[in-house]
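Subject: Handing over the structure

Hi,

Here is the structure I promised to pass on. Have a look at it first, and my notes on what turned up are just below.

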Amino acid sequence: MPDRDTEEPNSEAGPTVAARPLENAGDFRTALVELLQGARRRVFIFSGHLAHELYSDHLVAGAISEFARRSRYAQLQILVRDGDRLAREFNRTHNLAQRLSSRIQLRCINATAETPQMEFVLGDTRDVLLREDREQWLGVYAADDRVRARRLAETFQQQWEQASEDPALRRLFL
């Protein structure tokens, strides 16, 4: 059996990231607010339809608003799969995206595009909130998981480039 004190550490692995397991919408809400409070420049949200239990919560909407107004460099990009559902139901995050359109951009993923079954939120390409299955509230929150965050940011950017703005999700000012 090798002696742990004499083993060579794996220098390529980087620091060990402790991922906090999430098991319900309340856990996700707490982690999302934490991520938004820690983010400084960029937040990416990749979601099915901005689940009402999470994105219409007043604490989450307040944290999103605070993030978007914190700095003139703050940018929040949201990708959704189901824009129709989002247009039909009131959602505080969607409402904020309409009011703060210079800071919060919202696009719909092309219906024919292949997308992962997971949902995620990234903060500054560093913090990761991952919902592993769109049907269940199970996932992890990993603060400072740069490797996973970069990989998910690449996925997000590929989908963002192919996505489009949905006119049904815009607010018309008369």
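The lining of the second largest pocket splits by class into nine charged, four polar and three nonpolar residues. Here Ala, Val, Leu, Ile, Met, Phe, Trp, Tyr, Cys and Pro count as nonpolar, Asp, Glu, Lys and Arg as charged, and the others, Gly among them, as polar. In total 16 residues line this pocket, with G48, H49, R85, E119 and R134 nearest its centre. Its volume is about 230 Å³. A pocket, on a 1 Å grid over the protein atoms alone, is an open set of points with protein on both sides within 12 Å along at least five of seven lines; a cavity is a set where a 1.4 Å probe fits but cannot get out, and lining residues have an atom within 4 Å of a point. Grid points are joined across faces, edges and corners, and a volume is the space filled by probe spheres set on the points.

Before you go further: this is a predicted model, where local features need pLDDT of at least 70 and side-chain atom pairs count only at pLDDT 80 or more, while totals for chains, interfaces and linings use all residues. Residues are numbered from 1 along each chain as its sequence is written, and side-chain values use heavy atoms, with hydrogens and water left out.

Now the cavities. There are two of 30 Å³ or more. The largest has a volume of about 70 Å³, and its lining consists of F28, L54, Y55, E119, F120, V121, L129, R131 and W137. Seven of these are nonpolar, two are charged and none is polar. β5 gives the most to this lining, with three residues. The second largest cavity, at about 50 Å³, is lined by H49, L50, H52, R85, L86, E89, F90 and N91. That lining divides into three nonpolar, three polar and two charged residues.

On to the sheet. Seven strands make an open, mixed sheet in the order β1-β7-β6-β5-β2-β3-β4. β1 (19–22) and β4 (104–108) are at the edges with a single partner strand each, so one side of each has no neighbour in the sheet. Strands (E, at least two residues) and helices (H or I, at least four) are DSSP runs numbered from the N terminus, and two strands pair if DSSP finds at least two bridges between them. β1 runs antiparallel to β7 (residues 139–142), joined by four bridges; R20 has Y141 of β7 as its bridge partner.

What about the helices? The axes of α1 and α3 (residues 58–70) come within 9 Å and cross at roughly 10°. Axes are lines fitted to C-alpha atoms, for helices over the stretch in contact, and angles run from 0 to 180 degrees between N-to-C directions. From α1, the contact uses R29, L32, V33, L36 and Q37, and from α3 L59, V60, A63, I64, F67 and R70; contact means heavy atoms within 4.5 Å. By class, the residues of this contact are eight nonpolar, one polar and two charged.

Leaving aside neighbours within four places in sequence, Q117 touches R81, E132, D133 and R134.

Cheers
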